[in-house]
Amino acid sequence: VQLQASGGGLVQPGGSLRLSCAASGNIFRIENMNWYRQPPGKQRELVAAITRRGTARYTNPVEGRFTVSRVNAKNTMYLQMDSLKPEDTAVYYCNADIATSPSDSWFYWGQGTQVTVSS
């Protein structure tokens, strides 16, 4: 099983980016999916989470600006980031609870994608 995060880049303050996280491999079912980020010199932190049914939650710094979504048929999760601020600069990682059989599941991490917000 692999998670592939993509969509990062350089954007000006106030701009937008859309990240994608695609899972591939021997996948039976994907439960919760999450976005984390790690700003320079800081610890990794949770940004947003979404259940299989689509219930989303956000941490305070991104509430109202970021939107997490997923397409179960494509094993893919998205993060729409609007009104970006310099403090959103970080490496963004996706994480998912993936079952490879009815009785076997594990949390997998993607490789990270760099988001830089700067003028």
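The side chain of Arg37 reaches the side chain of Glu45 in a polar contact of 2.8 Å, and a second polar contact, of 2.9 Å, links the side chains of Arg37 and Asp88. A polar contact here is a pair of N or O atoms within 3.5 Å; within protein, one must be able to donate a hydrogen and the other to accept it, and residues adjacent in sequence count only if both atoms are side-chain atoms. The model is predicted, so local features need pLDDT of at least 70 and side-chain atom pairs count only at pLDDT 80 or more, while totals for chains, interfaces and linings use all residues. Residues are numbered from 1 along each chain as its sequence is written, and side-chain values use heavy atoms, with hydrogens and water left out.

Arg37 belongs to strand E4 (residues 29-38); strands (E, at least two residues) and helices (H or I, at least four) are DSSP runs numbered from the N terminus. With a relative accessible area of 5%, Arg37 is buried. Buried means under 20% relative accessible area, exposed over 50%, and partly exposed in between (1.4 Å probe, protein chains only). Leaving aside neighbours within four places in sequence, Arg37 is in contact (heavy atoms within 4.5 Å) with residues including Val47, Pro61, Val62, Phe66 and Tyr92.

Val62 sits in the loop between strand E6 (56-58) and strand E7 (66-71), and counts as buried because its relative accessibility is 0%. Beyond the neighbours within four places in sequence, Val62 is in contact with Arg37 and Val47.

Two strands pair if DSSP finds at least two bridges between them. E7 and strand E8 (residues 76-81) run antiparallel and are joined by 6 bridges, and Thr67 stands opposite Gln80 in E8.

The structure also holds 1 disulfide, a pair of cysteine sulfur atoms within 2.5 Å. The partners are Cys21 and Cys94, whose sulfur atoms are 2.2 Å apart. Cys21 lies in strand E3 (residues 17-24) and Cys94 in strand E9 (residues 90-101), so the pair ties together parts that are 73 residues apart in sequence. The link is right-handed, with 75° about the S-S bond, and both Cys21 and Cys94 are buried.
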